Amino acid sequence: MRPRETRTTLLERVVELGGATVAQLSEELDISDATVRRHLDRLEAEGLLQVEALRRGPGRPSYLYRATDSGVRTVRDHTPELAERLLSEMSRLQVEKAALSEALSDQVADAHRAEVPAGSLEQRVSAVVDALRPEGILDHWQRTDQELKLVNNACPYLGAATTNSCVCDADRLVIEKLLGVEVEQTLRLAEGDDGCVYVIPLQPISLDAEFKQAV
């Protein structure tokens, strides 16, 4: 096995056993103690394992490796699959997509609103991209003669977005709520495009202004 595959196998086994020693893993996987120890030390350095000394009488203690919370999530976290199933079931039950998108976007926008100070549109766009980059919603932006383009190169929940378009709609709404202007999504990873692209004309319609016109 390749080093990364070996570490993955060791981590999975530690999680399954609830903890294991070097000797135990070496015997089970038919790998030398030195190789097992080297990989376990790497996993510990990555924050996926923690080690504790086991004293059983006189002499040198043995060491038990246990998975940290991050280690358990690495092996057992099936959140993406759960999200896809939930969205699929919501579609089956005909849960209103617009209401779901609105609720999802409110949560994300509220979490990042303080990161977007007042300023010009381009200053706000830059702040929004920085705020939403850790969420996986945006990667970068650029200006053309006619528009501002906000781009995301890798969808953080592609399976869920493919299952239900409310996920994509929620991302667009988050951007609109943080910027205060209308945003058009022109490309979607979930539809097979090379990226998600959101477009703002250089003379955007303010949502507040549009509301006042409607009134």
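Mentor: Gladly. Let us start with what counts as a strand and as a pair: a strand is a DSSP run of E with at least two residues, and two strands pair if DSSP finds at least two bridges between them. Keep in mind that this is a predicted model.

Trainee: How do you know that β4 and β5 pair, and how many residues lie between them in the hairpin?

Mentor: Four bridges join β4 (residues 140–143) to β5 (residues 147–152), and the criterion asks for at least two, so the two strands count as paired. They run antiparallel, and the hairpin they form has three residues between its strands. One place to look is Arg143, which stands opposite Leu148 in β5.

Trainee: Which strand pairs with β5 over six bridges?

Mentor: That is β7 (residues 196–201), and the pairing is antiparallel. Here Glu147 has Pro201 of β7 as its bridge partner.

Trainee: What makes β1 and β2 edge strands?

Mentor: They belong to an open sheet of three strands in the order β1-β3-β2, paired in the antiparallel sense. β1 (20–21) and β2 (49–54) each pair on one side only, and that is what makes them the edges. Between β2 and β3 (residues 62–67) there are six bridges, against the at least two that a pair needs. Glu52, for example, has Leu64 in β3 as its bridge partner.

Trainee: Why is α1 called roughly perpendicular to α4?

Mentor: The angle between α1 (residues 3–17) and α4 (residues 69–76) is about 105 degrees. The range for roughly perpendicular is 65 to 115 degrees, so α1 is roughly perpendicular to α4. Their axes are 10 Å apart. On the α1 side the contact is made by Leu11, Glu12, Val15 and Glu16, and on the α4 side by Gly71, Val72, Thr74, Val75 and Arg76. These contact residues divide into four nonpolar, two polar and three charged.

Trainee: And why does α1 get that description with α3 as well?

Mentor: Their packing angle is about 80 degrees. That value also falls in the 65 to 115 range, so α1 counts as roughly perpendicular to α3. The axes are 10 Å apart. α1 brings Pro3, Arg4, Thr6, Arg7, Leu10 and Leu11 to the contact, while α3 brings Val36, His39, Leu40, Arg42 and Leu43. By class, this contact has six nonpolar, two polar and three charged residues.

Trainee: Now the pockets. What makes a residue part of the lining of the largest pocket?

Mentor: A lining residue has an atom within 4 Å of a pocket point, and 24 residues line the largest pocket. Ala83, Leu104, Tyr157, Ala160 and Val167 lie nearest its centre. The volume is about 500 Å³. Two or more lining residues come from each of α5 (79–92), α6 (97–112), α8 (158–163) and α9 (166–179), and α5 gives the most, with seven. The lining divides into 17 nonpolar, four polar and three charged residues.

Trainee: Which element gives the most to the lining of the second largest pocket?

Mentor: β3 does, with three residues. α2 (22–29) and α3 (33–45) also supply at least two each. Among the lining residues are Asp33, Arg37 and Arg60, along with Ser62, Tyr63 and Tyr65. This pocket holds about 190 Å³ of space, and its lining has five nonpolar, two polar and three charged residues.

Technical notes:
Residues numbered from 1 in each chain as written. Predicted model: local features only at pLDDT ≥ 70, side-chain atom pairs only at ≥ 80, totals over all residues. Heavy atoms only, no water. Axes fitted to C-alpha atoms, helices over the stretch in contact; angles between N-to-C directions. Parallel < 35°, antiparallel > 145°, perpendicular 65-115°, else oblique. Contact = heavy atoms within 4.5 Å. Nonpolar A, V, L, I, M, F, W, Y, C, P; charged D, E, K, R; others polar. 1 Å grid on protein atoms, 1.4 Å probe; cavity = no way out; pocket = protein on both sides within 12 Å on 5 of 7 lines; lining within 4 Å. Points joined across faces, edges and corners; volume = space filled by probe spheres on them.
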